[in-house]
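Here is a short report on how the chains of this assembly are arranged. Please look over the sequence and structure before reading on.

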Amino acid sequence: MTTEFPLLTIIPLAPLIGAAYNALAGYKMQKRFGHAAVHYPAIIMPAISFLITLMAFFKLLSLPANERVLIATLWDWMPIGFLDAQFSFVMDQLTLVMCSVVTFVGTLIHIYSVGYMHEEPSYWRFFSYLNLFMFSMLVLVLGDNFVVMFVGWEGVGLCSYLLISFWYHEKKNAVAGMKAFVVNRVGDFGFVIGLMLLFWGMQGEWVDGKFADIEGSNLSTASEITHEMAAAKVASVTFRHVAERFENKEFKERFLNRKVFGISLITLIGIFLFVGAMGKSAQIPLYVWLPDAMAGPTPVSALIHAATMVTAGVYMVARLHFIFALDPFLMSWVTFVGALTALFAASIGFFQYDIKKVLAYSTVSQLGFMFIAVGVGAYWVGIFHLMTHAFFKACLFLGSGSVIMGCHHEQDMRKMGGLKKYMPITATTYLVACWAIAGFPFAAGFYSKDEILWKAFSSGNLLFPGGGIFIWVMGAVAALGTAFYMYRSYYMTFTGEYRGGGGHHEDHHADHGHYGHAHTPHESPNNMTYVLAILGFLSVVGGFLGLPHLWHLPNLLHHWLEPVFEGSVNYITAAHFPHIMEWILMGLSVFLATAGWLVARWLYLDNKNPLPAKILASKNQLVRKVHDVVSNKYYVDELYDATIIKGVMQFRLLCDWCDRKIVDALVNLVGTVGKVVGFFHGRVDSGVVDGAVNGTGWMVVSGGAILSLIQNGKIRSYIYITVVAMFGLILINYIKF
Amino acid sequence: MATIGAVHFLILAAAMFCLGLYCLMGRRNAIGLLMGIELIVNAANINFATFAHYRGGEVDGYIFSLFGIVLAAIGVTIALAIVFALYRNFNKNIEVDEVSILRG
Amino acid sequence: MAFTVMFYCAALFTLYGAAMVAFSKNIIYSAFSLLISFIGVVVIYALLDADFLAIAQLVLYVGGILVLILFAIMLTNKISNASSSNPSRSQFLSFVTVLVIFVGLFFTIIKAPWQVSAGTQELGPITDSIGDALLTKYLLPFEIVSVLLLVGLIGAVVIARKENIEKAGNTNLSATSEQGRSL
Amino acid sequence: MDLQTNSTLLSWMTFSPLIGAALIIGLSLINYVCKCFSKTVMDNLSRAIAVLNVLAVFMMSVALYLSFDGNSTGLQFIHHFVWIKDFNIEYFLAVDGISITMVLLTGLVSLIAIIASVPWLSKIDGHHFTDKNVPGYMVMFLLLETGMMGTFCAMDFFLFYIFWEIMLLPMYFLIGIWGGPRKEYAAIKFFLYTLAGSVLMLLCMIGIYFASGPATLVDGTSVPHTFNIMALSAMGQAGLFANSAPILGVAFSKLMFIGLFIGFAIKVPMFPFHTWLPDAHVEAPTPISVILAGVLLKMGTYGMLRFNFQMLPDAAIWAATGIAIFGTINIVYAAFVCLAQKDLKKMIAYSSVSHMGFVLLGMAAMTPQSMVGAVFQMFSHGLVSPMLFLVAGVIYDRAHTRDIEGFGGLAKQVPEYTGIMGLAFMASLGLPGLAGFIGEFLVFLGSFGTFRIMTIIAATSVVITAAYYLWTIQRMFLGKLNEKWSKLWDMDWRERSMLYSLGVLVIFFGFYPLPVFKLMNTSLIALVEMMRGIQ
């Protein structure tokens with residue numbers, strides 16, 4: 001049951017108004033009234049949406065548990081036949097969690113970027129893009145059906161393109177932006193095909209002109225295929241209606257054993273939708289754009305590439321839990337990709353020297369964790385990790401932002417060090433966030449990551465040999481890696497003494513004014529540090545929302561999200577392990593976190609330990625080779641360039657050549673043939689008219705000329721000719737009759 | 001060897017006819033030409049005679065070959081007269097190819 | 001059996017003579033080879049039981065025409081070697097044509113269903129039957145031939161006589177055209 | 001079925017431009033005789049007349065939209081009387097669900113194009129193309145508008161053919177006289193190509209006319225044959241053409257289908273017949289390529305819907321897979337060719353070839369979503385492609401070169417223009433929330449049921465389209481500012497008026513396409529229903 005709640009539309013509408021205001025009037029306002037006229041509206045709008053989200057929260061609380069759905073239908077978007085795509089927003093428990101995370105972290109980041117982008121001339125453009133991003137993310141999250149969600153999905157891709165190539169006069173930023181958008185488009189290609197498959201699967205077959213629904217209720221001619229028919233929810237794109245259809249047993253049976261290209265339809269839909277999630281949430285094959293996306297300003301990386309956009313894929317899988325839960329192959333596929341990405345990205349993080357790149361790879365790996373959770377069927381854990389990750393990753397990114405600001409756009413950790421002295425608040429918040437992400441007890445990361453590992457370990461419907469254990473092992477190693485490279489980044493930047501003497505690393509923000517005097521780093525202004533403090537606090541407190549059942553403490557989030565996912569509960573089976581096993585795993589993961597921390601501390605504390613330098617310069621071929629491969633990110637980018645990009649480039653040239661040389665040449669050929677025919681026609685025509693007259697004359701003359709050759713007075717040639725002629729006549733006579 | 005039928009004689013006559021023809025075409029001397037003509041007429045006469053002989057001795061064949069001989073004789077006389085005229089007016093040269101005043 | 005041998009000898013004679021007439025470079029040699037060929041023909045006639053013909057051939061051809069040709073050769077030919085201006089091309093061409101014609105004739109002769117009686121029954125002498133035929137069936141041609149002989153005789157004399165009228169002997173074209181006109 | 005509302009609105013809309021043209025000709029004659037106006041006065045006078053006339057037509061089209069009843073599948077605003085008695089040709093103008101969107105689009109795009117060809121309110125330097133014998137240009141423009149409007153409203157096959165030819169002629173002169181360097185080649189190629197197509201169409205028209213059964217003219221006389229499209233469609237659907245005598249062994253309806261289809265495919269343009277479009281676009285002046293891309297391409301697909309699908313349904317079902325294959329080739333092939341283009345306008349031309357491919361695929365799939373998606377794609381492409389060509393025109397007016405590599409970092413120099421260009425490019429690459437997306441998405445959803453593999457192949461174009469548009473943006477607008485263009489000035493009010501209005505429409509129809517769907521939903525679904533019934 002759904003209750004109408006028109007205020008929902010204001011949540012995405014407010015940032016849209018903010019974006020429009022800044023886009024249209026921002027430039028003039030900034031010129032006349034300075035930065036305040038730009039960033040205040042830009043901050044107030046997301047704040048408004050946050051407030052409304054809170055109001056919606058209280059409204060939901062007032063509703064009974066299984067009816068907590070708020071609807072705001074705006075208008076019929078595509079009312080064609082039984083396609084009933086309406087432009088409407090829905091707020092249920094899952095959306096609320098996402099909305100609160102997006103709006104809260106978004107507002108904080110808006111405040112943070114006031115300080116960070118202070119000297120940026122196109123200040124207004126930044127805030128309009130940021131607000132536009134908030135709008136599209138909220139549309140994505142609040143979307144009631146696939147199409148509205150797809151609007152948000154692509155809108156978010158567009159804003160990430162705009163924001164990554166914000167400093168567009170730098171060619172590599174523009175290329176990075178384009179790469180992000182194109183790779184997202186590849187993901188959307190998968191998403192669209194998944195949607196097509198679903199939509200086609202659900203609708204009935206055209207049976208002799210009448211539109212027969214699968215259950216045989218023959219709905220007759222076109223005039224009846226109108227809006228009411230859509231209400232019969234034969235084939236709809238709205239999540240709720242699709243979920244209801246899947247509860248109907250007979251429909252699900254037929255859907256399951258319907259084969260397309262030899263694979264069951266459900267698996268195909270799941271795989272293609274997951275391709276969309278991969279593109280958006282940067283999983284294995286399509287993650288290449290995220291590290292390059294660091295070319296954008298740091299608040300952008302914090303907001304988009306850590307907290308909100310990249311989690312869209314996880315939200316989508318959670319939203320479509322009733323599809324993913326149906327097919328064990330699908331679940332194991334999602335889990336496997338998640339685990340693989342977690343491990344893969346974590347390993348790359350070891351040797352990165354650019355602080356933002358480290359965080360980018362850690363995001364990719366944490367997303368891998370979320371997909372493990374969602375793949376295994378523990379959807380609420382995935383969302384829980386998503387929330388905690390949003391907090392501590394945003395805190396890490398903003399921390400690195402203030403570090404970069406402090407060291408005058410120095411991103412290379414080798415040129416930093418000992419910043420604890422200069423930037424105490426950033427250091428502490430960064431440490432707390434590291435604590436959380438590594439998974440130390442009582443920090444947010446611990447609860448969510450440990451829960452994921454436990455759920456993976458105990459999951460029953462994975463098709464892998466060891467079932468959950470195989471995934472658990474990969475997850476544990478990834479967690480170890482996470483702890484290691486996070487603390488490595490902490491020690492390299494904040495301990496030891498400052499190595500960044502040489503002024504600017506490479507001065508690519510030429511128009512970026514210098515904040516304070518040149519060389520010694522300095523703490524960021526308080527509006528940045530307050531945000532860091534809040535996020536640091538949250539990354540600790542955030543964990544208490546989802547305390548493990550083990551400790552018999554109330555698990556608020558699980559309780560809150562349960563009604564959303566009860567549709568697929570009876571498909572998720574858990575292998576029965578004694579209680580003690582959970583304790584052991586918890587202890588093991590804590591042990592792994594501390595081990596990672598200790599190794600990092602041993603190697604990188606105060607940057608005194610020569611070992612890392614020695615590894616770099618080691619003669620041993622194998623070590624050197626491993627180091628090169630890993631530090632060059634397994635050459636994945638070069639691989640893609642060499643294969644896909646070169647292939648496309650060659651193919652386009654082929655097409656163009658073919659178009660110019662063949663198709664066009666044919667047309668011109670026809671043209672020239674026409675001309676030639678015309679030319680001859682002209683000649684023949686003039687020939688025919690007076691040709692008849694001088695033609696005969698010409699024939700006689702030429703005939704005579706030839707004959708005269710014979711009359712040469714020599715008797716012998718006469719005789720010869722007569723003889724030959726005689727013989728010829730006889731022969732012809734003989735042959736003819 | 002098979003008995004000699006009319007065919008043998010005919011082949012012989014044909015051979016003579018062809019040699020005569022070749023002589024007619026091949027030689028450059030006017031008199032050589034006449035010899036060629038003689039050979040051809042002989043070949044014809046042999047044919048007449050052969051058929052006369054091999055068709056139960058009808059005499060017509062023979063008469064024709066007789067006439068053939070006579071005509072050949074007349075032919076030669078006239079031809080030689082021309083040759084002499086030619087010889088006299090062409091400073092002693094009776095090459096056939098030179099005599100081509102009538103060419104067109 | 002003797003008949004066959006005789007036939008082949010005669011055939012050999014005539015063909016060798018004819019070949020020599022055709023191929024020999026010197027006109028005199030070809031004249032004498034013509035003699036051989038005619039004698040061969042005489043034997044052929046004899047084989048064909050045409051005794052009158054054989055004699056006529058012998059008398060008329062060998063005696064008359066051959067001698068006439070010899071006279072002509074003697075009168076016209078200074079002993080100049082027979083100059084052969086590029087005979088190869090035209091002769092070769094005519095040789096080929098003749099060969100083709102011979103092959104054609106040969107096949108027609110072989111293939112044609114001649115209505116001849118294969119038998120070689122001995123026929124009596126033919127002279128009296130020729131005489132009868134000449135004067136009964138072929139009387140008209142007999143008379144015409146005789147007139148023809150006369151006309152031929154006179155013509156030959158008229159053509160050859162011009163020699164003693166103008167002694168000038170300028171043999172350029174004008175002479176011949178003037179002579180043609182006077183004729 | 002025919003609502004006999006004999007309103008003459010459509011006749012006014014079709015022939016009022018002729019009045020304007022006559023006025024201009026009269027004025028220029030007077031001017032020629034007594035030289036009373038200077039050149040500029042004459043030019044501006046003819047411009048004013050043309051603008052007012054086009055504005056009037058636009059107003060009428062708005063009135064038409066307001067009073068059009070969306071949920072009746074019959075004809076509306078009928079203006080019907082017997083024209084040539086002894087050939088059974090009637091003057092029959094009407095509009096129904098299929099053609100209403102096109103008529104409105106013609107009104108709108110002509111207004112945009114006339115504003116683009118009038119250099120008032122603009123800081124463009126001297127030799128703007130429009131001051132070369134302007135009266136002639138305006139007369140040709142108005143004649144073109146008559147041709148276009150008539151083609152969409154004609155419900156009599158013969159009348160349709162006349163308007164088809166009328167529309168062809170001024171287009172030839174507009175490209176041939178006011179075009180770019182290779183204008184003659186492009187104009188002749190365009191003219192001969194389309195003429196070849198229309199010759200085929202003429203043959204098929206006559207074939208169908210003589211195969212058509214008895215019908216009654218408006219004034220009640222019953223006649224053995226008829227040109228009336230509605231009557232012919234009824235006969236076609238009853239299977240009359242399906243089992244009439246085959247010609248040269250080929251089934252009659254299939255042969256007619258192929259003939260008509262080729263005539264329209266040249267206009268669409270479909271894959272093998274598309275090479276005239278890039279040349280025509282590159283050489284045509286901006287407003288003419290706006291009209292060419294905005295309206296003329298839709299005539300091909302409209303013709304297919306009206307004649308091939310409605311009149312020869314059995315042949316349409318037989319040829320559906322073929323059309324779908326060509327549609328997919330159109331989409332993917334043209335997308336790749338776009339990647340390889342150096343000239344901005346040529347790239348946009350190929351991109352419209354690719355987008356028209358979606359229309360073909362949608363029509364061939366014959367499901368409600370895909371058919372409505374195809375017609376909406378025609379409408380939205382009619383909004384997006386004029387915007388693209390105006391964007392190309394703006395940069396061409398300033399820089400006089402269209403070479404993409406020649407530019408660089410323009411965003412810093414002309415930010416507002418970059419913004420509008422961004423909106424146009426995003427709309428064209430099918431960003432959801434903008435008009436381009438709706439058509440594509442519906443075609444994907446609808447045609448997946450019928451052509452699974454082809455739709456997946458077509459869906460790959462989503463990525464390629466994004467790639468070539470973004471690559472163009474990156475090469476032209478991002479990166480270091482190429483100092484050659486440091487003197488470029490931003491958009492002036494004329495360009496702003498056109499581009500912003502189209503931008504607003506694109507966004508509006510992106511989010512709220514309901515009014516357009518209301519217009520065409522019922523009749524298109526009825527068409528699909530009929531086609532499926534025949535199957």
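How far apart do the closest C-alpha atoms of chain B and chain D lie? They are 59 Å apart, and no contact joins the two chains. The model is predicted, and that applies to every value below.

**Which chains meet**

Chain C and chain D do not touch either. Four pairs of chains do touch, and the pair with the most contacts is B and C. The two separated pairs are listed here.

| Chains that do not touch | Distance between nearest C-alpha atoms |
|---|---|
| Chain B and chain D | 59 Å |
| Chain C and chain D | 53 Å |

**The interface of chains C and B**

The size of an interface is often given as the accessible area lost when the parts come together. Between chain C and chain B, the buried area is about 7,200 Å². Carbon and sulfur atoms give 79% of that area. C:Leu48, C:Tyr61 and C:Thr76 supply 9% of what chain C buries against chain B, more than any other three residues. In residues, 87 of chain C are in contact with 72 of chain B.

C:Lys137 and B:Asp60 meet in a salt bridge through their side chains, at 2.2 Å from N to O.

Seven helices of chain C each supply at least two residues to the side that touches chain B, namely helix 1 (2–23), helix 2 (27–47), helix 3 (51–76), helix 4 (87–111), helix 5 (127–135), helix 6 (139–161) and helix 7 (173–182). Helix 3 of chain C gives the largest share, 13 residues. What is the make-up of the side of chain C that touches chain B? Its residues divide into 57 nonpolar, 24 polar and six charged.

**Local features of chains A and D**

Chain A carries a nonpolar surface patch of about 740 Å². Its members include A:Phe651, A:Leu654, A:Trp657 and A:Val677. A:Val677 sits in helix 27 (residues 636–710) of chain A.

Also in chain A, A:Ala282 has a positive phi, near 50°, in a residue other than glycine. A:Ala282 belongs to the loop between helix 10 (265–280) and helix 11 (289–292) of chain A.

In chain D, a cis peptide bond joins D:Val268 and D:Pro269, with omega about -20°. D:Pro269 is in the loop between helix 8 (252–267) and helix 9 (276–283) of chain D.

Terms used: Residues are numbered from 1 along each chain as its sequence is written. Chains are lettered from A and ligands numbered from 1 in the order in which they are written. This is a predicted model: local features need pLDDT of at least 70, side-chain atom pairs count only at pLDDT 80 or more; totals for chains, interfaces and linings use all residues. Side-chain values use heavy atoms; hydrogens and water are left out. Contact means heavy atoms within 4.5 Å. Buried area is the accessible area (1.4 Å probe) that two parts lose on being put together, summed over both. A salt bridge is a side-chain nitrogen of Lys or Arg within 4 Å of a carboxyl oxygen of Asp or Glu. Helices (H or I, at least four residues) and strands (E, at least two) are DSSP runs, numbered from the N terminus. Ala, Val, Leu, Ile, Met, Phe, Trp, Tyr, Cys and Pro count as nonpolar, Asp, Glu, Lys and Arg as charged, and the others, Gly among them, as polar. Patches are made of residues with over 30% relative accessible area and no salt bridge: like charges are joined within 9 Å, nonpolar side chains (Val, Leu, Ile, Met, Phe, Trp, Tyr) within 5 Å. Accessible areas come from the Shrake-Rupley method with a 1.4 Å probe; for residues, only the protein chains shown count as cover.
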